[in-house]
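Me: Got a structure to go through. Can you walk me through it in short answers?

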Amino acid sequence: MSHVLVTGATGYIGGRLVPELLAAGHDVRVLARHPERIASREWSGDVEVVEGDATSRGDLRRALDGVDVAYYLIHALGAGPGFAERDRATARGFAVVAREVDVGRVVYLGGLYPEGERLSPHLESRREVEEILLDGGAPTIVLRAAVILGSGSASFEMMRYLTERLPAMVAPRWINNRIQPIAVRDVLRYLVGAAEIPADVSRGFDIGGPDVLTYREMMQRYAAVAGLRPRVIRAVPVLTPRLASLWVGLVTPVPPGIAKPLVGSLVHEVVAQEDDIKQYVPDPPEGLTGFDRAVGLALARIRDLDVRTSWVSASTPGAPSDPLPDDPDWAGGSLLVDDRSSRVDTTSEALWTVIEGIGGAHGWYSWRLGWVARGAMDRLFGGPGLRRGRRHPHRLAPGDALDWWRVEKIVPGRLLRLRAEMRLPGLAWLELSVEDEAAERPTFRQRAIFLPHGLPGQLYWWAISPFHGIVFGGMQRNIARAAAHAATGDGRPAD
C-alpha cells in the first residue's frame, strides 16, 4: 500500500479520512501545526506526526519527503480579508514542493461549481486552488463536492438548526436553487479510492449523491426525517448573502464569518455535470447514500454523542492561533492577570470533574446574563459567541471548541487552559487548575490572562475590570460549591 500524507488532519474531513486510510492499509503521516491536538485522537498512535505549517516550504519538504499520495485538505473558510490570496500562496507552495520531491499523487477536495458564472469568493477560491494544484506538475485528482451531509459538518449543522428552530421562515430566493448533496461517508470513500487511481490520470471529478434537491426540499426532507412538522418557507428577493449570513448567525451556532461563504455558495446551482469518477471508484453494492439515510445517520451520531469531527474543529476566522508561552521569561509583552485561588472542601477528583465539564449546557458558573450578553455582542461582530457549545458533555481534548474558547492545553486532573476566540483587542486565556491535589483540601486556582494590543487593549481591560469580581469571583465560589455538591452526590447548584 501507499505512504500517505494528510494535511488538515484536525479538520472535519481530515479527522475522518485518517482512520479510513489506516483501515485500507496505508501508512499515514500527518502534518500538524499543533501536534497536541492529534494526541487525543484514537488513531494518534498509528500515524507519523510531522510538526509544521503548510505555509513553510521547509516544513512541507519534511512532510512530503517519500510520500506516494498527499491529501491537500487546507482551505481558509472565508477567514477575513485576503483569505483568497493566502489560499493561493499556500497551494502554490504545496504544488512546488510536491513536484520537487516527486510526490506520486496529490488529492484535493474542492467545491462543486457551475461553469461560466461569476462565482462567490468562497467557490472562486476553491476553483483557483484546483487550477494551481492541477498545473503544479504532480499528478493531481480533484474531487468537487457541494453540500456534505454528516454530523458536525458546517453545511449540515446550518440546515439542521434553521429547520429545527424556525417552523416558519422568510428565505432568500436561492432557496429554490438545485443542489446535489453527498453523504460524508461517500466523500471519504472517493477520497480513499483516489489514492489508487492510475498515475497518468490528472484531472477533476464531480462527486454527488443520488438526490438532486432544492435547499427548500432539503429542509422539508430533513424535517420529515427528524419527526418535525412541514416548515412554512417563503422566498423573497431582498436577502443578500451578507444579510442572510447575519440571519444564519443569529439562528444557528454557525458564526457569520463561516456562514457567509456557505451562503454565498448556495447562490449557485451546484449539480454534478459528469460521473466519470465511477470508472475508477465504482459505487458500493448498496449504492450511494441517499439524502434521507444520510440525515438519519447524522442524527443518530448526534443523539449517541458520537460526532467524531465537527466544523468547530476549525478556528474561528480572525481568532488568534499563538499559544500562551509556558516560559516565565517570555518577552512577548505585558500580561494582565486576574489570579484567584481558594481551598475547596471536596476531593481533587470532584473538583476536576466540574472543571472539565464547564461551558456548553453546564454554563460558566457566574452571572449568566453577563455571559449571554457578551456572547451576543461577540456574534454581532462576527465571533462565535456561546453557541458552539462543546463536543462532549463531560470530556475535553486539546483543540476542542468550547463556546467562544478553544482548549489549548489540558493536563487531566490538574490543568485546563482555554484560549479565547471571541473578538478582542488582544489575546486572552482562562486557566482553571487543581493544585495540591494530594491534600485533603485541594486548591482551586483560576487565572484570566490578557495580552492587550495597544491602547484599545489596555482600555478594554480596565473597562471590564469592575466586573471581574462578579464574573471571576462568582466562578471561583460556584465551581468550588459545585465540586463539593458533586462529591456528596447532591448535584450542581444553578449558575
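Reply: A definition to begin with: a salt bridge is a side-chain nitrogen of Lys or Arg within 4 Å of a carboxyl oxygen of Asp or Glu. The model here is predicted.

Me: Fine. How many salt bridges by that rule?
Reply: The count is 32.

Me: What does Glu130 pair with?
Reply: Glu130 meets Arg144 in a salt bridge, 2.9 Å from N to O. Glu130 sits in helix 5 and Arg144 in strand 6, so the pair ties together parts 14 residues apart in sequence.

Me: Is Glu130 buried or exposed?
Reply: Glu130 is buried, because its relative accessible area is 4% and the cut-off for buried is under 20%. Arg144 is buried too, at 14%.

Me: Which residue does Arg127 bridge to?
Reply: Arg127 forms a salt bridge with Glu124, and the closest N and O atoms are 2.5 Å apart. Both residues lie in helix 5 (residues 121-134), 3 residues apart, about one turn of the helix.

Me: Why does a spacing of three or four places matter in an α-helix?
Reply: An α-helix has 3.6 residues a turn, so residues three or four places apart point the same way.

Me: And Glu124, how is it classed and why?
Reply: Glu124 counts as partly exposed, because its relative accessibility is 23%.

Me: What about Asp283? Which partner?
Reply: Lys278 is the salt-bridge partner of Asp283, with closest N and O atoms 2.8 Å apart. Asp283 is partly exposed at 33%. Lys278 is partly exposed at 29%.

Me: How many bridges hold strand 16 to strand 17?
Reply: Strand 16 (residues 405-411) pairs with strand 17 over 6 bridges, in the antiparallel sense. Val411 stands opposite Leu415 in strand 17.

Me: How many residues are in the turn of that hairpin?
Reply: There are 3 residues between strand 16 and strand 17. Gly413 in that turn has a positive phi of about 85°.

Me: And on to strand 18?
Reply: Strand 17 (residues 415-420) pairs antiparallel with strand 18 over 5 bridges. A hairpin of 5 residues joins strand 17 to strand 18. Arg417 has Glu431 as its bridge partner in strand 18, and Arg419 stands opposite Trp429 there. Arg417, Arg419 and Glu431 are also among the members of the salt-bridge network.

Me: How many residues of strand 17 are buried?
Reply: 6 of its 6. Leu415, Arg417 and Arg419 are buried on one side, and Leu416, Leu418 and Ala420 on the other.

Me: Where is Trp429, and is it buried or exposed?
Reply: Trp429 lies in strand 18 (residues 426-435). Trp429 is buried, at a relative accessible area of 2%.

Me: Which side chain makes a polar contact with Trp429?
Reply: That of Glu408, at 3.1 Å. Glu408 is also one of the network residues. The C-alpha atoms of Trp429 and Ala448 are 5.9 Å apart, with 19 residues of chain separation.

Me: How many residues of helix 7 are buried?
Reply: In helix 7 (residues 184-194), 9 of 11 residues are buried. They include Asp186, Tyr190 and Gly193. The buried residues pack against helix 1 (12-23), strand 4 (69-72), strand 5 (105-111), strand 6 (140-145), strand 7 (148-149) and strand 10 (182-183).

Me: Last one, the surface. Which residues make the nonpolar patch?
Reply: Leu250, Met377, Leu380 and Phe381 make a nonpolar surface patch of about 470 Å². Met377 is in helix 13 (residues 368-380). Met377 counts as partly exposed, at 43% relative accessibility.

Methods: Residues numbered from 1 in each chain as written. Predicted model: local features only at pLDDT ≥ 70, side-chain atom pairs only at ≥ 80, totals over all residues. Heavy atoms only, no water. Patch = residues over 30% accessible without salt bridge, like charges linked within 9 Å, V, L, I, M, F, W, Y side chains within 5 Å. Areas by Shrake-Rupley, 256 points an atom, 1.4 Å probe, with all protein chains shown as cover. Helix = DSSP H or I, 4+ residues; strand = E, 2+ residues; numbered from the N terminus. Buried < 20%, exposed > 50% of the residue type's maximum accessible area, 1.4 Å probe, protein only. Polar contact = N/O pair within 3.5 Å; in protein donor to acceptor, adjacent residues only side chain to side chain. Contact = heavy atoms within 4.5 Å. Pairing = 2+ DSSP bridges.
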